[in-house]
Amino acid sequence: MDLYRQFIQYEEQFVGYPILEFAYRHSELPVFAVVLYLGFIFAGPDMLKGFKPLKLKYAFALWNLGLALFSIVGVTRTVPVLYRALQAHGLRYTCCENPLNWCGKGPVAVWIGGFIFSKFPELL
């Protein structure tokens, strides 16, 4: 239970600006990731000829379970903030306002950052 409390405290104190700054400074990373992914999609089958298929049924099931749990928790931490912002300020605010002003701190920032950077391992 102590680990849970530590994570909740981390969420509450989290500031998303460093994540945003990193993403701005390294906009080439998604391009490289997609190029590697596409390269493996097209060259991978030829590279793997002659190898026995790996038995990854349970590993993929666990991976998908982890993604589902991550998504469920992420929704519970982000949707209420979006709903309150929509109610208080409207659609234009939630779409056009600097995200650091309304979702750049606290649990919502942790889970938005986690969602953004979770796309890299999902390419695997």
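**Figure 1. Charge and overall form of the predicted model.** The protein carries 11 positive and 8 negative side chains, and the centres of the two sets lie 9 Å apart. Lys and Arg count as positive, Asp and Glu as negative; His and the chain ends are not counted. Each charge is placed at NZ of Lys, CZ of Arg, CG of Asp or CD of Glu. This is a predicted model: local features need pLDDT of at least 70, side-chain atom pairs count only at pLDDT 80 or more, and totals for chains, interfaces and linings use all residues. Residues are numbered from 1 along each chain as its sequence is written, and side-chain values use heavy atoms, with hydrogens and water left out.

The protein has 7 helices and 0 strands. From the N terminus, the order is α-α-α-α-α-α-α. Helices (H or I, at least four residues) and strands (E, at least two) are DSSP runs, numbered from the N terminus. The radius of gyration is 19 Å, whereas a compact globule of 124 residues would have one near 14 Å. That radius is taken over C-alpha atoms, and the globule rule is 2.2 Å times the number of residues to the power 0.38. Along the principal axes, the C-alpha atoms fill a box of roughly 60 × 35 × 25 Å.

**Figure 2. Surface and contacts of the whole chain.** Of the 124 residues, 19% are buried. Buried means under 20% relative accessible area, exposed over 50%, and partly exposed in between (1.4 Å probe, protein chains only). Among contacts between residues at least 6 apart in sequence, 79% join residues at least 24 apart. A contact means heavy atoms within 4.5 Å.

Figure 3. Helix α1 spans residues 2–13 and holds E11. E11 is buried because its relative accessible area is 2%. Its side chain makes a polar contact of 2.3 Å with the side chain of R77. A polar contact of 2.5 Å joins the side chains of E11 and W111. A polar contact is a pair of N or O atoms within 3.5 Å; within protein, one must be able to donate a hydrogen and the other to accept it, and residues adjacent in sequence count only if both atoms are side-chain atoms. Leaving aside residues up to four places away in sequence, E11 touches R77, G106, P107, V110 and W111.

Figure 4. T94 sits in helix α5 (residues 91–96). T94 counts as buried because its relative accessibility is 13%. A polar atom of the T94 side chain lies 2.9 Å from the backbone oxygen of L91. Beyond residues up to four places away in sequence, T94 touches L82, A85, L86 and W102. L86 belongs to helix α4. With a relative accessible area of 33%, L86 is partly exposed.

Figure 5. G66 lies in helix α4 (residues 57–89). At 37% relative accessibility, G66 is partly exposed. G66 and W111 are 45 residues apart along the chain, and their C-alpha atoms are separated by 14 Å.

Figure 6. K105 is in the loop between α6 (99–103) and α7 (107–122). K105 is exposed, with a relative accessible area of 60%. From K105 to M1 is 24 Å, C-alpha to C-alpha, across 104 residues of sequence.
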